[in-house]
Amino acid sequence: MAERQGRTAPDAVLTRIGQVVMLHHAGDREEARHRLLDLWAEIGEHGDPLHRCTLAHYLADTQDDPADELAWDLRALTAAEEAGEDTGEEARAVIAFYPSLHLNLADDYLGLGRFDAARTHLRWAREAAAALADDRYGEGVRAAIARLQARMGEGGGGAWTPPRQRP
């Protein structure tokens with residue numbers, strides 16, 4: 001049963017991803033990468049967009065090569081765009097990912113010396129963060145945006161729109 005006493009049952013795939021992320025945060029980056037790649041093989045390129053977004057988002061953090069990290073972050077954004085096309089709970093869940101996805105892409109591009117792309121994604125991260133709640137997650141993402149903004153010497157400004165609405 002998907003709902004019991006007003007609560008949605010936990011998503012087994014997201015739970016498994018979260019367990020591997022804890023392994024990564026505990027310091028075992030290589031093992032986490034291998035387990036996340038196994039999950040990616042299980043889910044597949046055409047699996048649930050929210051699962052792919054979440055998995056690719058965390059897989060990016062386990063990469064050693066900056067170009068590989070960028071590739072995984074781009075996969076996460078593509079999956080988020082697919083999930084955002086729905087009108088249900090999945091689309092709402094993905095909205096909270098956009099600031100972090102764009103922040104990671106800005107950082108990836110900065111590391112690769114692609115400054116215009118970095119500035120663009122930083123601007124989109126900053127604007128998307130307006131949709132975040134004033135909770136621990138929202139505050140953490142906004143603080144990370146401010147840190148990257150300071151590293152890049154960037155000010156405010158620029159409007160962000162969800163990717164499927166951009167010209």
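What percentage of the 167 residues in the chain is buried? I looked this up first. Buried residues (under 20% relative accessible area, 1.4 Å probe, protein chains only) make up 41% of the chain.

Notes on the source. I am working from a predicted model, in which local features need pLDDT of at least 70, side-chain atom pairs count only at pLDDT 80 or more, and totals for chains, interfaces and linings use all residues. Residues are numbered from 1 along each chain as its sequence is written, and side-chain values use heavy atoms, with hydrogens and water left out.

Fold. I found 8 helices and 2 strands (DSSP runs, H or I of at least four residues for helices, E of at least two for strands, numbered from the N terminus). The order along the sequence is β-β-α-α-α-α-α-α-α-α.

Contacts. I took pairs at least 6 apart in sequence; of their contacts (heavy atoms within 4.5 Å), 61% join residues at least 24 apart.

Pocket. The lining (residues with an atom within 4 Å of a point) has 19 residues, and His 57, Tyr 58, Phe 97, Ser 100 and Tyr 137 lie nearest the centre. I note that α1 (12-25), α3 (49-61), α6 (98-111) and α8 (136-152) each supply at least two lining residues, with α1 giving the most, 5 residues.

Conventions:
On a 1 Å grid over the protein atoms alone, a cavity is a set of points where a 1.4 Å probe fits but cannot get out, and a pocket is an open set with protein on both sides within 12 Å along at least five of seven lines; lining residues have an atom within 4 Å of a point. Buried means under 20% relative accessible area, exposed over 50%, partly exposed in between (1.4 Å probe, protein chains only).
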